Amino acid sequence: MTTASLHLLKGVGYLISTASVVLLAIVSWSSASKSPLLVVCLLVGAAASVMGMFCRWLSYEIEKRQSHK
């Protein structure tokens, strides 16, 4: 497997993980919507998870660009 295809696979994996976070948040919404605190926790938790995946993906992209120099 080439380096480019490995990076693509990582990117696709992070997109799938992001989609799963969104789907789980949708499923949890009906229960969480009964409490403002739970709504905040759900939204912040989902956003933090997506941001974490974005940071990991970005680190791979930076490493890829540095290795090409």
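Y14 is buried, with a relative accessible area of 16%; buried here means under 20%, exposed means over 50%, and partly exposed is anything in between (1.4 Å probe, protein chains only). We're looking at a predicted model, where local features need pLDDT of at least 70 and side-chain atom pairs count only at pLDDT 80 or more, while totals for chains, interfaces and linings use all residues. Residues are numbered from 1 along each chain as its sequence is written, and side-chain values use heavy atoms, with hydrogens and water left out.

**View 1. The whole protein.** The secondary structure comes to 2 helices and 0 strands (helices are DSSP runs of H or I with at least four residues, strands are runs of E with at least two, and numbering starts from the N terminus). The C-alpha atoms fill a box of roughly 50 × 20 × 10 Å along the principal axes. The radius of gyration is 16 Å, whereas a compact globule of 69 residues would come in near 11 Å; that radius is taken over C-alpha atoms, and the globule rule is 2.2 Å times the number of residues to the power 0.38. Of the 69 residues, 16% count as buried.

View 2. The structure holds 2 aromatic pairs. Y14 and Y60 make a stacked one, 6.2 Å centre to centre with 25° between the planes. To pair, rings of Phe, Tyr and Trp (its six-membered ring) need centres within 6.5 Å; planes under 30 degrees apart count as stacked, over 60 as edge-to-face, and the rest as tilted. This pair links distant parts of the chain: Y14 sits in helix α1 and Y60 in helix α2 (residues 36-68), 46 residues apart. Y60 is partly exposed, at 25% relative accessible area.

View 3. F54 and W57 are 3 residues apart in helix α2, so about one helical turn separates them. F54 is partly exposed at 46% relative accessible area, and W57 is partly exposed too, at 30%.

**View 4. A nonpolar patch on the surface.** M1, L6 and L9 form this patch, with about 340 Å² of accessible area together (Shrake-Rupley method, 1.4 Å probe, only the protein chains shown counting as cover for residues). Patch residues have over 30% relative accessible area and no salt bridge, and nonpolar side chains (Val, Leu, Ile, Met, Phe, Trp, Tyr) are joined within 5 Å. A salt bridge puts a side-chain nitrogen of Lys or Arg within 4 Å of a carboxyl oxygen of Asp or Glu. L6 belongs to helix α1 (residues 3-32) and is partly exposed, at 37%.

Definitions and conventions
Patch = residues over 30% accessible without salt bridge, like charges linked within 9 Å, V, L, I, M, F, W, Y side chains within 5 Å.
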